[in-house]
Every structure is written in C-alpha cells, then in structure tokens.
Amino acid sequence: MGRPKKFFSGSGTQSTVKKISALPDSFDVNTGTDLFWDALLKRFSKIARVYGFSRVETPAVEDARLFKAFYGQNSAKYDSLVVLPWHGLLEAALRPTQLPGILRNFSHQKFEDAPSLHKWHYGGFTYKKDFAGKPFLDYELGCEILGQFNHLNEAQVIAAAWEFFSGFELEGLILEINNLGSQECQERYAGVLVDALLPKKYDLCDNCNELLTYRPLGVFACENLDCQAAAAESPTILDFLDQDSHKDFTNVLEALDEMNIIYQLNPFYVGKQSSEKTTFSVKYKFGEKMVSLVEGGYHQSSGYGSFNKNFAAFGFFGSLMLLKKILKDGPLVVERQILSEVCLVPLGELAAKRSLRLFRDLTAHKILVYDHFGLSGVKNQLKVALDNKVPIALIMGQKEAMDEMVILRDVKSGMQEIISYDKIVEEVKKRLGK
C-alpha cells in the first residue's frame with residue numbers, strides 16, 4: 001500500500017486549513033443563543049403585523065445607479081458606497097439602506113398604477129462606510145406605506161414606531177416631529193435660509209458650507225456646536241408652509257393626540273435628504289450623546305428622482321444594532337421564551353423510532369414538540385426540558401415502546417404516570433388546556 005498523497009496549494013507549499021473567522025466588525029445573528037436578537041425581532045414583527053404590515057425582502061446588492069439617483073447631488077453619500085462589478089456590464093453596490101430597494105420593488109411591480117394602500121415591513125443587513133472609509137455592517141429594520149394614504153395612515157406609522165421603541169422602558173425617550181412642506185416650500189425656504197447663513201459661513205464647517213449649495217436644511221442636522229449656534233437664530237420652515245402642508249400637519253398632530261402619543265415639535269429637525277412634509281424621529285440620550293433610534297417621514301420626491309415616477313411613501317427605519325447596544329446596558333431583562341410544550345425523551349433505538357410517530361401525532365394537533373433523537377440519556381434530556389421551561393416530558397423506553405405505553409412526566413414537579421399510547425395525545429391536550 002503506497003504512501004498517501006500530499007496536496008499542495010497553487011504556490012507550491014503544502015496547503016493547510018486554518019480557522020476562518022468572521023470579517024472584522026461583522027457579526028452573525030443566532031436567535032437561538034442571542035436572546036436579545038430573538039426578542040427584538042419577534043417584538044418588531046409582532047407590532048408590524050398588528051398594524052397591518054406584510055413582510056418584504058429586497059436584495060442586499062442593487063444596481064449602483066439606483067443609489068446614485070436616490071442620493072442625487074449628495075456625492076459624498078454615493079462615494080461611500082461599497083461597489084463591485086456585476087456580470088461584467090454593471091456596477092453593483094451593497095445596500096447602505098433598504099429604502100431605495102423598497103421603492104424600486106414598488107415601482108417595478110407597477111403598484112402605483114392601481115391606486116391602493118400598501119403596507120410593508122422589512123429587516124436585514126446593510127453595508128456602509130464610516131467617515132474614514134472603513135466598511136461596517138448594520139442591521140436595519142423599518143416600515144413603509146406606499147400608494148394611496150392620508151394623515152391617519154401616517155399617524156399610525158408613527159404610532160407603530162413609538163410603540164416598538166417605547167416598550168423597552170428607556171427613560172427620557174423623545175418623539176420629535178416637524179413638517180418640511182412640499183418641495184416648493186423647501187425651495188422658497190432654502191433661499192431665505194441661505195441669505196441668513198451666508199454672512200456666518202466662516203462659522204460653519206466645510207460640510208455645511210457645501211450643503212448651502214444643494215440642501216441648506218441639512219445644516220440643522222450638523223453636530224458641530226459652532227454650526228448649531230450659527231443656525232439657531234435662523235427662521236424656521238414652519239413659517240413657509242403652504243396651506244395644504246399646514247393642514248396635513250395639523251391633522252397628523254391631532255391624530256397623535258387622539259392616540260395619547262406625546263411628542264415634541266422641533267422646527268429644526270429636518271430628517272434625511274429626501275424628506276418632505278411630516279418628518280419625525282425617536283431620540284434617546286445614550287451616554288453624553290443624543291441619538292436617533294428611528295427616523296422617518298414622507299418622501300415622495302425620492303421615488304420621482306429614482307424612477308421618474310411620482311408616488312407617495314411614508315415610513316421609518318432604525319438600527320437594530322444601536323438598539324441592542326443600548327438595551328444591553330438598560331433595564332430590559334430578556335428571558336428565554338417557551339418554544340415547546342412537550343419534550344420527547346426516547347430511550348433506545350426502538351423507542352426513538354416509535355417516538356417519530358408520536359412526534360407526528362402531537363404536531364398534527366398543533367402541539368409544540370421539542371425532540372432530540374440523539375439517545376443522550378434520560379437525565380440529560382430532562383435537563384434540556386427543564387432549562388427550556390417545557391412543562392411536559394413524554395418518556396418512552398423499550399418496554400413502553402413494545403407495550404404501546406408512554407410515561408407522562410410533569411417536568412417541574414417530577415410527578416409521572418404511565419398512559420396508553422392511544423390516549424396520550426388527548427391527555428397532553430388536557431394538561432396544556434387545549
């Protein structure tokens with residue numbers, strides 16, 4: 001018998017398999033071991049369903065031109081994209097946010113041609129670059145209404161965002177709201193704002209001076225203290241709203257009042273670049289810094305700029321990574337939820353095979369079953385049931401399997417009794433109150 005062959009890498013040296021770790025600053029989501037992720041995703045999904053939002057998924061990679069159209073004149077945003085070749089013809093970009101893909105999906109399906117209300121919620125990874133050009137991962141979730149809607153629908157979107165974030169018992173949580181009016185309102189206001197800020201241009205940072213050329217409202221979002229001081233005495237956009245914008249904003253605020261949602265009117269909150277009309281943010285003081293947990297509002301022009309189609313959209317998005325980071329040091333205590341109602345404990349090969357039939361019979365009656373057919377012993381399997389807070393264990397050894405019997409055990413008390421197989425499902429349902 002000859003010696004085993006050696007395999008070599010292309011460089012001519014012996015190939016060795018090394019442990020490959022996740023990329024720096026990236027992360028995995030495992031809801032089975034990370035109780036925070038599990039709790040946050042389930043809570044968001046539940047609230048979204050309560051408010052009538054259906055799940056939508058868009059690709060993590062999109063045609064780079066989509067984002068160029070979405071960001072418009074904001075070249076810095078476009079330059080920060082993580083771009084890669086796609087089929088040798090197009091440039092693709094890893095999504096830095098999900099809204100452009102959501103709008104593309106809506107436009108592609110031609111939903112705007114049939115006037116109706118569409119309510120979507122989403123969640124998934126996004127890929128961004130920081131100010132130093134270093135890429136990093138985030139996990140973004142949000143809700144969006146598209147098509148034909150009114151101020152009451154908008155108020156419900158705000159309520160969904162507020163209900164999700166206010167449920168975490170974070171002290172000092174604030175809902176800020178403003179109205180930016182239509183694009184025409186913003187254009188009129190921009191001229192006045194530029195006239196007010198140009199004499200102070202040496203007090204503004206380079207980024208704010210650049211903003212004066214294409215989106216003066218963005219100056220109010222700058223975190224530079226000198227810029228904030230220079231902009232503080234500027235007139236507010238609320239004085240430049242047209243009649244329709246003013247009426248719509250009043251209706252939204254009245255709807256929030258009806259739902260007893262407390263808000264703060266902030267005439268200097270301007271949202272993202274594509275924001276129009278009602279815009280809002282849920283803010284929280286994290287350490288020494290006030291951060292936005294969620295931002296949202298009306299953004300009709302983003303659809304027009306990207307697809308040359310004029311359709312309305314209203315929604316919000318937030319970072320689940322940021323929320324998780326805050327909650328790790330907060331008051332929220334997450335406990336493992338009961339995912340199963342019955343734990344099967346087969347002892348031996350024959351019992352394991354018979355337990356497969358028992359599994360099918362139980363699940364056919366909508367009973368949640370934890371099964372483990374690894375034959376690891378009754379002690380270990382009962383410990384798994386106790387750790388997972390499963391109330392009932394069904395034990396079956398070789399004798400029980402041959403006699404068509406099952407041992408029903410109350411996991412918490414340890415009390416158990418032998419029940420015939422033909423009666424076990426009804427007995428379990430009785431114990432569970434089903």
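**Stop 1: a pocket**

Select L23, P24, D25, S26, V82, L94, Y127, K134, P135, F136 and L137; together they line the second largest pocket. Keep in mind that you are looking at a predicted model. The volume of this second largest pocket is about 190 Å³. Which element gives the most to its lining? Color strand 6, residues 135–147: with three residues, strand 6 contributes the most. Now color the lining by class. Eight of the lining residues are nonpolar, one is polar and two are charged.

**Stop 2: a nonpolar patch**

W86 sits in strand 3, which covers residues 82–86. Is W86 buried, partly exposed or exposed? Its relative accessible area is 38%, so W86 is partly exposed.

**Stop 3: salt bridges**

The model holds 16 salt bridges by the rule used here. Start with R104 and E62. They form one of these bridges, and their closest N and O atoms lie 2.8 Å apart. The two partners come from distant parts of the chain: R104 belongs to helix 4 (residues 99–108), E62 to strand 2 (residues 61–63), and 42 residues separate them. Show the surface and compare the two ends. E62 has a relative accessible area of 8%, so it is buried. R104 has 25%, so it counts as partly exposed.

Move on to K200 and E233. Their side chains meet in a salt bridge, with 4.0 Å from N to O. What does this pair tie together? K200 lies in the loop between helix 6 (183–197) and helix 7 (206–214), while E233 lies in the loop between helix 8 (225–231) and helix 9 (243–258), so the bridge connects parts 33 residues apart in sequence. Check the surface again. E233 is exposed, at 69% relative accessible area. K200 is partly exposed, at 22%.

Now select R431 and E427. Here too there is a salt bridge, and the closest N and O atoms are 2.8 Å apart. Both residues are in helix 15 (residues 421–432); they are four residues apart, so about one helical turn separates them. R431 is partly exposed, with 38% relative accessibility.

One more selection ends this stop: R354, R357 and E404. Salt bridges with shared partners join these residues into one network.

**Stop 4: backbone angles**

Turn to the backbone. Most residues other than glycine have a negative phi. The next two selections have positive values.

Select N260. Its phi is near 60°, a positive value in a residue that is not glycine. Where is N260? Look in the loop between helix 9 and strand 8 (264–265). N260 is exposed, with a relative accessible area of 67%.

Finish with K277. Its phi is near 45°, again positive in a residue other than glycine. K277 is part of strand 9, residues 276–286. Is K277 buried, partly exposed or exposed? At 24% relative accessibility, K277 is partly exposed.

Terms used
Residues are numbered from 1 along each chain as its sequence is written. This is a predicted model: local features need pLDDT of at least 70, side-chain atom pairs count only at pLDDT 80 or more; totals for chains, interfaces and linings use all residues. Side-chain values use heavy atoms; hydrogens and water are left out. Buried means under 20% relative accessible area, exposed over 50%, partly exposed in between (1.4 Å probe, protein chains only). On a 1 Å grid over the protein atoms alone, a cavity is a set of points where a 1.4 Å probe fits but cannot get out, and a pocket is an open set with protein on both sides within 12 Å along at least five of seven lines; lining residues have an atom within 4 Å of a point. Grid points are joined across faces, edges and corners, and a volume is the space filled by probe spheres set on the points. Ala, Val, Leu, Ile, Met, Phe, Trp, Tyr, Cys and Pro count as nonpolar, Asp, Glu, Lys and Arg as charged, and the others, Gly among them, as polar.
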